[in-house]
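Have the picture ready and follow along.

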Amino acid sequence: MLVVPPGSGIVHQVNLEYLGRVVFNTEGLLYPDSVVGTDSHTTMIDGLGVAGWGVGGIEAESAMLGQPMSMVLPGVVGFKLFGKLHNGVTATDLVLTVTQMLRKHGVVGKFVEFYGEGMGELSLADRAIIANMSPEYGATMGFFPVDRVTLQYLKLTGRSDETVEMIEAYLRANKLFVDYNEPQLERVYSSYLQLDLADVEPCISGPKRPHDRVPLKEMKSDWHACLDNKVGFKHVPVPVSPHFWPDSMILIAVVTSCPNPS
């Protein structure tokens, strides 16, 4: 049993940096790592190439007692990434764009697997952010297969060279390792999406749902539209008297109306 003391970070971060094995080695028996957790954002570990997602308490307790889990074979959506993000475009801009695309496509109850030459442009932290948003775009998990970036992260977080070499050798032998320096076979998925990373632009989302993406250049007009919209997801209620406005609303109004906020 491993005990992680308080103050080490959120559990999903600890899982990425310390607990995740990628490949288990049980007395010489090697097999892929996997995890189920009682939190919907357990999916963050999929950025490390570990299949994982959130479940209810009964399923988690059953797994802890060594019982298998049964599930309907899900559809798998292939999400191809290519190109490169522009300078100044952040992982948040990317994940909001991906979330909007996947919500529109419809991925509830499905797996999403990311692939393509654009994968080499994403750090493992960026991948973890996208995987962490699986509950927001509705997929069971957003999976990033193990590649060179994954191995570099394992070394960065203190996994031994012997462990990393074992992980790479096992995954290569079982054709689970992706090397983008080699010719890639065409993958077969239930459905397909693709995104040129160069098309991602600075953005925000809201005011209530993460997939209601708003390009930063349209923020002011969208804010004013939300003030006039009928009650719903794209509506911001404003009290009649300014004396009852929350401090946060006043701050937002100042920031969005100031031509050169500092």
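Start at Val 112, whose bridge partner in strand 7 is Gly 142. This link belongs to a set of 3 bridges that join strand 6 (residues 111-115) to strand 7, and the two run parallel. Two strands count as paired if DSSP finds at least two bridges between them. Helices (H or I, at least four residues) and strands (E, at least two) are DSSP runs, numbered from the N terminus.

Before going on, note that this is a predicted model: local features need pLDDT of at least 70, side-chain atom pairs count only at pLDDT 80 or more, and totals for chains, interfaces and linings use all residues. Residues are numbered from 1 along each chain as its sequence is written, and side-chain values use heavy atoms, leaving out hydrogens and water.

Axes here are lines fitted to C-alpha atoms, for helices over the stretch in contact (heavy atoms within 4.5 Å); angles run from 0 to 180 degrees between N-to-C directions.

Finally, find Gly 75 in the loop between helix 2 (57-64) and strand 5 (76-82). Not counting residues up to four places away in sequence, Gly 75 touches Lys 110, Phe 111 and Ser 190. The C-alpha atoms of Gly 75 and Lys 110 are separated by 5.1 Å, though the two residues are 35 residues apart along the chain.
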